[in-house]
Amino acid sequence: ARSGQNKILVTGQASAPMNLQLKIDAQNLKQLSPELSGRIRGEAQVQGAYNSPVIKTSLIASGLRYQEYKLARKELSLKAEVQLVNGVPIIKNLVSQIGNNRIKISGQVTSPFNLNWDINSKKLQQLVPGLAGRLVSKGQLQGTLGRPIINTSIDGKNLRYKGTKLGSIKA
């Protein structure tokens with residue numbers, strides 16, 4: 001499929017069990033939505049039964065913007081493996097890297113939750129213009145929307161936003 005300078009090539013088997021390979025080269029996101037800009041390239045696989053497919057992705061994004069908001073100053077890489085189990089998305093492994101900042105996520109993202117994270121952001125300014133400092137957090141979200149259980153550790157140093165000192169946090 002092609003839209004302007006953006007294309008997705010799909011090959012493989014769409015009948016059960018699925019075995020699809022996707023090559024993504026979106027060179028001009030603005031052609032897909034006027035509120036977006038930047039580029040995304042990479043590949044994905046969809047394998048397994050229709051009711052419980054495993055989706056694996058490896059993507060690189062650069063120059064991402066939403067409206068006037070620049071999302072990152074560095075290239076973003078994303079590697080993920082997700083499976084749908086009875087319609088519920090389970091993140092087996094998701095790792096995102098932007099410059100010196102890494103986020104790992106795994107678990108169930110819908111209620112009842114069982115979600116784990118590991119964030120190591122050494123240079124927050126690479127994520128969001130105006131934000132600075134360092135943030136490290138590990139944690140787990142369990143329970144439901146009405147009764148969430150959150151266990152986390154947070155360590156932030158030299159936190160600033162647009163020149164305003166936010167200080168440090170340790171919890």
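**Notebook: strands and a core**

I began with Leu141, whose bridge partner in strand S12 is Ile150. I keep in mind that this is a predicted model.

Next I looked up how S11 and S12 go together. S11 covers residues 131-143, and S12 covers residues 148-161. The two run antiparallel, joined by twelve bridges. I then checked the link between them and found a hairpin of four residues leading from S11 to S12.

I turned to the pairing of S11 with S10. These strands are antiparallel too, with nine bridges between them. One pair I noted here is Phe113 with its bridge partner Gly143 in S11.

Then I picked Ser121, which belongs to strand S10, residues 113-121. Is Ser121 buried or exposed? I found a relative accessible area of 2% for Ser121, so I wrote it down as buried, since buried means under 20%. Setting aside neighbours within four places in sequence, I listed the contacts of Ser121: Asn100, Asn101, Leu127, Gly133, Arg134 and Leu135.

Leu127 turned up again when I searched for nonpolar cores. Which residues make up the largest one? I counted six: Ala72, Ile98, Leu124, Leu127, Val128 and Leu159. Apart from that core I found another, of five residues, including Leu20, Leu22, Ala44 and Val46.

My last stop was Leu159. Again leaving out neighbours within four places in sequence, I saw Leu159 in contact with Leu124, Ala132, Gly133 and Arg134, and also with Thr164, Lys165, Leu166, Gly167 and Ile169. Gly133 and Arg134 were already in my notes as contacts of Ser121.

Notes. Residues numbered from 1 in each chain as written. Predicted model: local features only at pLDDT ≥ 70, side-chain atom pairs only at ≥ 80, totals over all residues. Heavy atoms only, no water. Buried < 20%, exposed > 50% of the residue type's maximum accessible area, 1.4 Å probe, protein only. Contact = heavy atoms within 4.5 Å. Pairing = 2+ DSSP bridges. Core = buried A, V, L, I, M, F, W, Y, C linked by side-chain atoms within 4.5 Å.
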